Amino acid sequence: MPRPVNVEKRAELLKQVVHHLQHHGVAQMSLSPLAESIGTTKRMLLYYFGSRENLLAQALAASRPDAHAMFDDVHDTAGLRKAAQALWEAMTVGEQSGPVRMLLQLLSLAATDPEQYGDLAADSVEVMIGPIAAAYVRLGHPPQQARAGATLLVSGLRGLCQDRLVTHDAARTDAAARRLIRDAVAAADRAR
């Protein structure tokens, strides 16, 4: 009978993997150097996560913002504005400011190597768009229009976040994010 997985050990390893990937990137992730860097073995990583692809997927899932928690209680435009601003702050100065680098790398890798990274990147995009689109539907948008609004908001904030990481221009990107959020909320309000 196989030994049960030590949940605490697995969680600690995942936390170390996320930290490593935030600082060293996703593109060159190889299990042996990763394991050595975090003080374990490739065998243990495979035991706890099954494969490199599964480990990467779990690291991304563990590090992305919880869009459901941010947007599930949105029932009016003030709530949409507040949730969108919270998302922007999480991505730029909050708990997501490190993990968002992993997501941006993944999206770039998916564009050049869709066979290896495409499904994982598409899932990472959908995890954000779905809950935000549901908020737009609650505000009166038809589903297709809601998905377009959610896509504009998510992709716009993500693009501004990448701009900020490259240029370090917090004032300009914050101003642009406020404008994007204001326009997204105004569009949501017009649908009501």
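How far apart do the end C-alpha atoms of residues 30–49 lie, and how much of the span is helix and how much strand? The end C-alpha atoms lie 14 Å apart, and the span is 80% helix and 0% strand.

## Basis of the model

The structure is a predicted model, in which local features need pLDDT of at least 70, side-chain atom pairs count only at pLDDT 80 or more, and totals for chains, interfaces and linings use all residues. Residues are numbered from 1 along each chain as its sequence is written, and side-chain values use heavy atoms, with hydrogens and water left out.

## Overall architecture

The protein has 10 helices and zero strands; helices (H or I, at least four residues) and strands (E, at least two) are DSSP runs, numbered from the N terminus. Along its principal axes, the C-alpha trace spans about 60 × 40 × 30 Å.

Of the 192 residues, 41% count as buried, where buried means under 20% relative accessible area, exposed over 50%, and partly exposed in between (1.4 Å probe, protein chains only). Among contacts (heavy atoms within 4.5 Å) with a separation of 6 or more, 66% join residues 24 or more positions apart.

## Annotated regions

An unreviewed UniProt entry lists "domain: HTH tetR-type" for residues 7–67. Over these residues the chain is 77% helix and 0% strand, with the end C-alpha atoms 25 Å apart. The annotation "DNA-binding region", also from an unreviewed UniProt entry, covers residues 30–49. UniProt positions follow the numbering used here, feature names are shortened, and annotations may be inferred rather than shown by experiment.

## Nonpolar cores

A nonpolar core is a set of buried Ala, Val, Leu, Ile, Met, Phe, Trp, Tyr and Cys residues joined through side-chain atoms within 4.5 Å. The largest has 30 residues, and those with the most contacts inside it are F71, L80, I132, Y136, L153 and L157. Elements giving two or more residues to this core are α5 (67–71), α6, α8, α9 and α10 (170–190), and its largest share, seven residues, comes from α9. Apart from it lies another core, of 25 residues, among them L14, M29, F49 and L109.

Leaving aside neighbours within four places in sequence, L153 is in contact with A84, I132, Y136, L180, I181 and A184. L87 lies in helix α6 and is buried, with a relative accessible area of 1%. Beyond residues up to four places away in sequence, L87 touches P65, M70, F71, M128, I132 and L157. The C-alpha atoms of L87 and C161, 74 residues apart along the chain, are separated by 11 Å.

A search of the whole structure finds one cavity of 30 Å³ or more. On a 1 Å grid over the protein atoms alone, a cavity is a set of points where a 1.4 Å probe fits but cannot get out, and lining residues have an atom within 4 Å of a point. The largest cavity has a volume of about 190 Å³, a volume being the space filled by probe spheres set on the grid points, which are joined across faces, edges and corners.

The lining comprises 14 residues, of which R64, P65, V100, L103 and M128 lie nearest the centre. α7 gives the most to this lining, with three residues. By class, the lining has nine nonpolar, three polar and two charged residues; Ala, Val, Leu, Ile, Met, Phe, Trp, Tyr, Cys and Pro count as nonpolar, Asp, Glu, Lys and Arg as charged, and the others, Gly among them, as polar.

How values were computed
On a 1 Å grid over the protein atoms alone, a cavity is a set of points where a 1.4 Å probe fits but cannot get out, and a pocket is an open set with protein on both sides within 12 Å along at least five of seven lines; lining residues have an atom within 4 Å of a point.
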